[in-house]
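I opened my notebook for a first look through this model.

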Amino acid sequence: MFSAYSALSTSGRGAARLATVTMVSGLTAAGVLAGGAPAAAADGTAQSRGGATATVNGLKTYGTAVTEGATGRQEIPAGLFEMSVEGGGTLQTYCVDIQSPTQKGAQYHETPWGGTSLGTNPRAGRIGWILRNSYPQVNDLAALAKKAGVRGGLTEQDAAAGTQVAIWRYSDDADVRALDPQAERLADYLEDKARALAEPAASLSLDPPAVAGRPGERLGPVTVHTDADRATVTPTADAATSGVRIVDRNGRAVTSVTDGSQVFFDVPDDAPAGTAELTVQGSTTVPVGRAFASESRSQTQILAGSSESTVSAAASATWGTTGAVPALSAAENCAEGTLDLTAVNRGDEAFSFELMGAEYAIAAGETRTVAVPLQEGQSYDFTITGPGGFEERFTGVLDCRTQAGESESGQDTQIIGEPAPATAGGTAADTNLAETGGSDVTPLIGAIALGLVITGGGTLLVARRKNAGPQE
């Protein structure tokens with residue numbers, strides 16, 4: 001899944017190995033591919049979505065939960081996952097999708113709630129309260145046990161299991177309870193006391209993530225939003241080659257920024273049509289309650305705790321002297337079941353393209369968002385080419401539901417196999433299973449790869465581009 005805006009990419013993941021869509025004989029082309037379980041990422045540079053990127057290590061502190069459903073009674077592990085942050089740092093997370101497996105080694109990206117099942121869940125804010133008022137944010141387990149009326153105290157495993165069970169009751173509307181009586185008492189207390197809190201802001205984001213204009217102009221502004229004390233700004237090699245400088249509003253070179261800073265791409269008068277990118281990187285504790293999603297259909301997670309961690313985001317600029325000069329960004333919209341593509345045209349001619357059988361024309365100076373309908377579980381892979389060597393790609397999968405459903409191929413996405421055994425109060429040193437999904441077998445997921453080519457002003461595709469204490 002993708003953040004509200006994301007940097008444009010040349011890499012992709014999804015069902016099977018997705019093919020890049022290319023322009024053939026100057027005609028608009030489109031393709032649909034069917035795939036099975038997620039495969040390795042295609043060749044290319046990893047995409048930066050804004051915020052933290054992390055790899056799940058496994059379920060580390062957990063107890064046992066019991067679910068009741070059509071298939072009968074199941075015992076499943078319930079507790080805290082650990083993730084390693086790319087660039088440094090460690091995250092602790094709970095899951096918000098009880099029926100899906102967590103794939104060990106899956107890469108996750110910090111994601112707005114709107115790009116996950118939380119975006120359509122009217123009770124998601126209560127999960128935020130639970131996270132801030134239970135373990136590990138509250139690590140005085142004696143005090144937590146007293147507040148929750150738990151006799152005999154709480155172990156870390158009890159606290160993690162009880163917290164996870166309470167979260168599942170709100171994230172999945174699940175009929176689930178903790179096997180341990182102390183953990184179950186904590187879950188009941190948290191469920192009863194929870195009230196709605198607002199979604200936390202991203203640890204680092206750039207707005208907008210793509211700008212466009214004419215040579216000789218300062219393209220922007222791109223505004224930095226972060227809770228890092230300071231972050232570095234690094235232009236990519238293509239910017240240096242084009243003579244593009246990263247500056248502030250007054251034209252002074254910028255190498256570091258803080259929250260609220262605005263930066264511009266200063267493009268020389270004689271620069272030929274082209275593109276450039278910059279990366280902003282800092283270190284901070286990621287806000288509790290941020291969602292983390294994976295393109296591999298691995299179980300969606302929500303942040304419970306963070307060490308000082310590396311966060312980053314990227315922005316791009318496009319410029320040209322004549323014709324259409326577009327800037328493009330995208331956001332998954334779980335409420336509508338769409339990928340929302342935003343096109344800005346800073347040129348002197350209309351930017352025209354055909355998308356999903358419909359034709360669009362973005363007039364000079366106009367901004368428009370096109371909603372691309374996607375099926376649940378549908379993978380997409382967009383490559384972008386255009387004037388001045390403009391070529392970008394982004395990929396993802398629309399993963400908005402917590403309940404297993406029917407895929408495009410007609411395959412049932414319910415988890416297969418028997419539940420993996422769990423030891424009540426155990427601590428896993430190396431857990432490689434669908435820990436909170438109730439199975440050690442990767443589910444059968446039918447995915448569809450979507451390719452779209454867009455033309456306009458040349459050939460163009462569309463791409464998509466600290467913790468607070470307890471709150472009563």
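How many of the 16 residues of H3 are buried? I found that 15 of the 16 are, so H3 is largely enclosed by the rest of the structure. By "buried" I mean under 20% relative accessible area, with exposed being over 50% and partly exposed in between (1.4 Å probe, protein chains only). The labels H and E are DSSP runs numbered from the N terminus: helices are H or I with at least four residues, strands are E with at least two.

Ground rules, before I go on. I'm reading a predicted model, where local features need pLDDT of at least 70 and side-chain atom pairs count only at pLDDT 80 or more, while totals for chains, interfaces and linings use all residues. Residues are numbered from 1 along each chain as its sequence is written, and side-chain values use heavy atoms, with hydrogens and water left out.

**Entry: helix H3**

I checked the length of H3 next. The expected span of a helix is 1.5 Å times one less than its number of residues. For the 16 residues of H3 that gives 22 Å, and the end C-alpha atoms are 22 Å apart, which agrees. After H3 comes Asp 173, and I noted its positive phi, near 50°.

**Entry: salt bridges**

Side chains of opposite charge can pair when their charged atoms come close. My rule for a salt bridge is a side-chain nitrogen of Lys or Arg within 4 Å of a carboxyl oxygen of Asp or Glu. I counted eleven salt bridges that way.

I looked at Arg 169 and Glu 191, whose side chains meet in a salt bridge at 2.9 Å, N to O. Arg 169 lies in helix H3 (residues 156–171) and Glu 191 in helix H4 (residues 181–193), so this pair ties together parts that are 22 residues apart in sequence. Arg 169 is buried at 8% relative accessible area, whereas Glu 191 is partly exposed at 29%.

Then I turned to Arg 245 and Asp 266, with the closest N and O atoms of their salt bridge 3.2 Å apart. Arg 245 sits in strand E13 and Asp 266 in strand E15, so the pair ties together parts 21 residues apart in sequence. Arg 245 is partly exposed at 39%, and Asp 266 is buried at 17%. Back at Arg 169, I saw that salt bridges with shared partners join Arg 169, Glu 184, Asp 188 and Glu 191 into one network.

I also wrote down Glu 75 with Arg 73, a salt bridge whose closest N and O atoms are 3.2 Å apart. Glu 75 is partly exposed at 32%, and Arg 73 is partly exposed at 45%.

**Entry: strand E15**

What lies beside E15, I wondered, and how many bridges join strand E11 to E15? E11 (residues 218–226) runs antiparallel to E15, with four bridges between them; two strands pair if DSSP finds at least two bridges.

**Entry: Ser 134**

Last, I picked out Ser 134, in the loop between helix H1 (124–132) and helix H2 (141–148). Ser 134 is buried, at 0% relative accessible area. Leaving out residues up to four places away in sequence, Ser 134 touches Leu 144, Thr 163, Leu 186 and Leu 190, where contact means heavy atoms within 4.5 Å.
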